[in-house]
Amino acid sequence: MNNMGPYDEIRKKFNWNISENELGYKDGDDINIGWYCSDRICDQGKGEKVALIWQGFSGEVKKFTFNDSRIITNTMASFLQKTGVENGDRVCLFMDKIPELYFGFLGILKMGGIAQPLFSAFGGESLITRLEDAETKAIITQKKHLGKVRKIRDELPGLEYIIVVDYDGKKPLQEREIAFSMEDSEKIEKFDVFRSKAETPSVLHYTSGTTGQPKGAQHVHYSLISQYISSKYVLDLKDDDIYWCTADPGWVTGTSYGIIGPWSNGITQCVLDSGFKAENWYRFIEDQKITVWYSAPTAIRALMKEGKSEVEKFDLSSLRHLCSVGEPLNAEAVLWSTDTYGLTFHDTFWQTETGSMVITNYPGMEIKPGSMGKPFPGIEATVLDLKTHEPIEKRGVVGLIALKPGWPSMFRAYWNNEKTYNSKFINGWYVCGDRASIDEDGYYWFVGRDDDVINTGGHLVGPFEIESALLEHESVAESAVVGKPDPVNMEVVKAFIALKPGVEASDMLELEIMNFIRKKLSPLAMPQDVEFVDSLPKTRSGKIMRRMLRAKEWGEEIGDTSTLEDD
Amino acid sequence: MSGIKEVILDYIKEEYLEDEDMELDFSSPLITGGIVDSFSMVSLKRFLETKYKIQIPDAKATPDAFDSVDNILVLLKEFNVV
């Protein structure tokens, strides 16, 4: 029996009080995610239960109980306070998937800070943009990433503390740098957890848009109510589960369902801090006897490439439930997983802004391969007409996915960007920016983005940010960036580039440009294909027509070209 | 042969290695060790193709084939580069 029961029944009777009651929360109470994910589980008598099984790329395994977690997060919270971080300050986590990242996240929340996780592969420009916008006061990082932080810190006068979690004493620390050791610090048994309320800011996750720089989606502690119950219903987490979320906490899945969801449910979770290799992943599942696995279409398609024979080398019989997130899971991958693992991947749809799953497939509910599933109980969803922005009553018609505001984990602001935040709400709906249709049975079917944002490997990349960075390359006169189809990552970045006069196109220049963006922004933003062109298609007012270039890549109709300047 | 290995190792150190103190040799895990991620692997593949004037089919550009300089050398042998 799954946790949720029949979908139609729970959808009728569900309200968020169910989650509040299970968490022992009442309106007006203190609510601190850090406390709920550690102290509360210990108070329930599960202090000696394993909270985290961590494995590094070399095979080293570390285990931490919920009591360990409680003490370590106390210790990190106390350290931050003594260092000078105050409640409401933004504290960036810039680390690989090491234990300090997971406990640091809760530690920040416990002392009232706002956790700002950033993907550790980000380059200097990506870091500056996000730290500057958030006016981040402290960054917690590790030695291997210190070089990147040092290169940009002079441009960030508000960044007062650079905390290094694995300082080995070999080279002196520099200005503003402080060492912190999770193992060697004095353990703090009791800590006065910050008395945050429902609307107290908790997490700031940056996400990309079509125009402008990335925006910080700001969440609050009350998001726990959604994250807890959706983990219980959709991931179907039960007390004896061993859960593995493959996402990096630099992205929202890695915090909502790689930290908050499982730990607020008191579940043992695993982390593999290693690059992707099918053999290593399967061995990890076998060794740790993982039961619930939450991964991404890109990874699933990469595993498909390795074939069924690779699967047969391992005992994966511990697995009982599989879910996927990031971009739409194609029907072929759903069918492959059913055939190969004897279990079907359940696709889940949500965004940085939604904070938790909003349209998903559920254990026990019939899966239509390729469908996004149905709205989560408590979520009112629809598709809006592309022009009038009114709900479409007729089934099978493509519109904009929209949600009625008010679910607990909905973002509360874009940091410093009220105008863009307000623009996301139309006719009383939050508009996700994705297109879909709803079939006769109420299943949603993803069609594509409604803007120029590129979804590569489940991560959104903004073309504007890449085009701006490309202009800083000495050979580039102008550029346009679009997504092009990719069998594994759904889309990858393609750049059309017009070179400055006198510059010759060459393979070496293409490689140089790729590496330039990879180091400046991130590997995700790196164009995997560069096409040198004489000029770019523009409107008469001079705006680059990305949609024409994108249509060409996807083999679609180019559409209206009446405003082209060269017509 | 050792010249090619060293060229590739130097390129990886120069382009991908963030931790200045980290020791990297021919057998160091690149993909599983988190030095080169799956997206960056595309640029490493492009480097090899440009440098040695070959075309590596995507099917052969697997995480395993790129997981160390030694493994890359095995791959390059298929293209008569070494």
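Domain bounds, as used here, come from an automatic or database domain assignment. On this basis, chain A of the predicted model is divided into domain 1, spanning 7-421 + 432-436, and domain 2, spanning 454-554. The centres of the two domains, taken over C-alpha atoms, are separated by 30 Å. Their contact takes 24 residues from domain 1 of chain A and 20 residues from domain 2 of chain A. On the domain 1 side, the elements that give two or more residues are α7 (124-134) and α12 (297-306) of chain A. Helix α12(A) provides the largest share of that side, with four residues. By class, the domain 1 side of this contact consists of nine nonpolar, 12 polar and three charged residues.

Chain A contains an open sheet of nine strands with mixed pairing, in the order β2-β1-β11-β10-β12-β13-β14-β15-β16. The edges are held by β2 (61-65) and β16 (374-375) of chain A; each has a single partner strand, so one side of each is left without a neighbour in the sheet. The partner of β2(A) is strand β1 (residues 50-56) of chain A, and the two pair in the antiparallel sense over five bridges. Within this pair, Gln55(A) stands opposite Val61(A) in β2(A). The two strands form a hairpin with four residues between them, and Gly59(A) in the turn has a positive phi of about 100 degrees.

Strand β1(A) also pairs with strand β11 (residues 268-273) of chain A, here in the parallel sense and again over five bridges. The bridge partner of Gly56(A) in β11(A) is Asp273(A). Further along the order of the sheet, strand β13 (residues 321-324) and strand β14 (residues 345-349) of chain A are joined by three bridges in the parallel sense. In that pair, Ser324(A) is placed opposite Asp347(A) of β14(A).

Ile438(A) has Tyr444(A) as its bridge partner in β22(A). Five residues lie between the strands of this hairpin, in which Gly442(A) takes a positive phi near 90 degrees.

Helix α6 (residues 99-110) of chain A contains Ile108(A). Ile108(A) has 31 C-beta neighbours inside 10 Å and therefore counts as buried, the threshold being 20 or more. Apart from its neighbours within four places in sequence, Ile108(A) is in contact with Leu80(A), Val91(A), Gly113(A) and Ala115(A). Phe349(A) lies 241 residues from Ile108(A) along the chain, and the C-alpha atoms of the two are separated by 28 Å.

In helix α16 (residues 463-470) of chain A, the buried residues are Pro463(A), Glu465(A), Ile466(A), Ala469(A) and Leu470(A). These residues cover an arc of only 165 degrees around the axis, which puts them on the same side of α16(A). The buried set includes the charged residue Glu465(A).

The secondary structure of chain B comes to three helices and zero strands, arranged along the sequence in the pattern α-α-α. The radius of gyration of chain B is 12 Å, close to the 12 Å given by the globule rule for 82 residues, so chain B is as compact as a globular protein of that length. Its C-alpha atoms fill a box of roughly 35 × 25 × 20 Å along the principal axes. Of the 82 residues of chain B, 33% count as buried. Among contacts in chain B with a separation of 6 or more, 54% are between residues 24 or more positions apart.

Between the two chains, 23 residues of chain B are in contact with 24 residues of chain A. Helix α2 (residues 40-52) of chain B gives six residues, the largest share of the side of chain B that touches chain A. That side has seven nonpolar, seven polar and nine charged residues.

Technical notes. Residues numbered from 1 in each chain as written. Chains lettered and ligands numbered in written order. Predicted model: local features only at pLDDT ≥ 70, side-chain atom pairs only at ≥ 80, totals over all residues. Contact = placed C-beta atoms within 7 Å. Buried ≥ 20, exposed ≤ 12 C-beta atoms within 10 Å, placed from the backbone. Arc of directions from axis to C-beta. Rg over C-alpha atoms; globule rule 2.2 N^0.38 Å. Pairing = 2+ DSSP bridges.
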